[in-house]
Amino acid sequence: MPYIIITGAAGFIASRFAQKLNSQGIDNLILVDDFSDNAKIHNWTGLKYFERINRDDLSDFLNGDPEVLAFVHLGARTDTLELDYEVHRKLNVEYSKMIWNFCT
């Protein structure tokens with residue numbers, strides 16, 4: 001079964017996107033994010049999905065050459081108070097490049 005991968009799935013927008021897919025009977029979802037923030041648990045609890053993957057494990061998952069129908073990349077570090085550029089470089093630039101490389 002081909003999967004729909006959704007990054008940022010613990011966040012509001014990506015979880016609502018997954019919820020919309022669920023409402024259309026689509027549950028072949030791979031949810032990707034940092035799911036350790038208990039304040040966001042309500043965003044993804046109740047969603048129907050195939051697997052939940054920590055964002056740090058996505059590269060290993062993709063190296064297994066999964067069959068992917070679609071890749072919806074909504075994950076990013078959006079905290080404007082984060083002053084450490086290395087965090088932004090890793091999570092926004094390098095992570096996005098890794099996803100781009102897989103998709104192309």
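User: How much space lies in the largest pocket?

Analyst: A pocket is an open space with protein around it. In this predicted model, the largest pocket holds about 510 Å³ of space. Its lining has 22 residues, and those closest to the centre are Gly8, Asp33, Lys40, Gly75 and Ala76.

User: Which elements give two or more residues to that lining?

Analyst: They are helix H1 (12-23), strand E2 (29-33) and helix H4 (85-103). H1 gives the most, with three residues.

User: What classes of residue does the lining have?

Analyst: Nine residues of the lining are nonpolar, seven are polar and six are charged.

User: Now strand E1. Why is E1 said to be largely enclosed by the rest of the structure?

Analyst: A residue is called buried when its relative accessible area is under 20%. Five of the five residues of E1 (residues 3-7) are buried, so the strand is largely enclosed.

User: Which residues point each way from E1?

Analyst: Tyr3, Ile5 and Thr7 point one way, while Ile4 and Ile6 point the other way. All of them are buried.

User: Which strands pair with E1, and in what sense?

Analyst: Pairing between two strands is read from the bridges that join them. E1 pairs with strand E4 (residues 68-73) in the parallel sense over five bridges; there, the partner of Thr7 is His73. E1 also runs parallel to E2, to which four bridges join it. In E2, Leu31 is the bridge partner of Ile6.

User: What unit do E1, H1 and E2 make?

Analyst: Together they make a β-α-β unit, and it is right-handed.

Technical notes. Residues numbered from 1 in each chain as written. Predicted model: local features only at pLDDT ≥ 70, side-chain atom pairs only at ≥ 80, totals over all residues. Heavy atoms only, no water. 1 Å grid on protein atoms, 1.4 Å probe; cavity = no way out; pocket = protein on both sides within 12 Å on 5 of 7 lines; lining within 4 Å. Points joined across faces, edges and corners; volume = space filled by probe spheres on them. Nonpolar A, V, L, I, M, F, W, Y, C, P; charged D, E, K, R; others polar. Buried < 20%, exposed > 50% of the residue type's maximum accessible area, 1.4 Å probe, protein only. Right-handed = clockwise from strand over helix to strand, strands pointing away.
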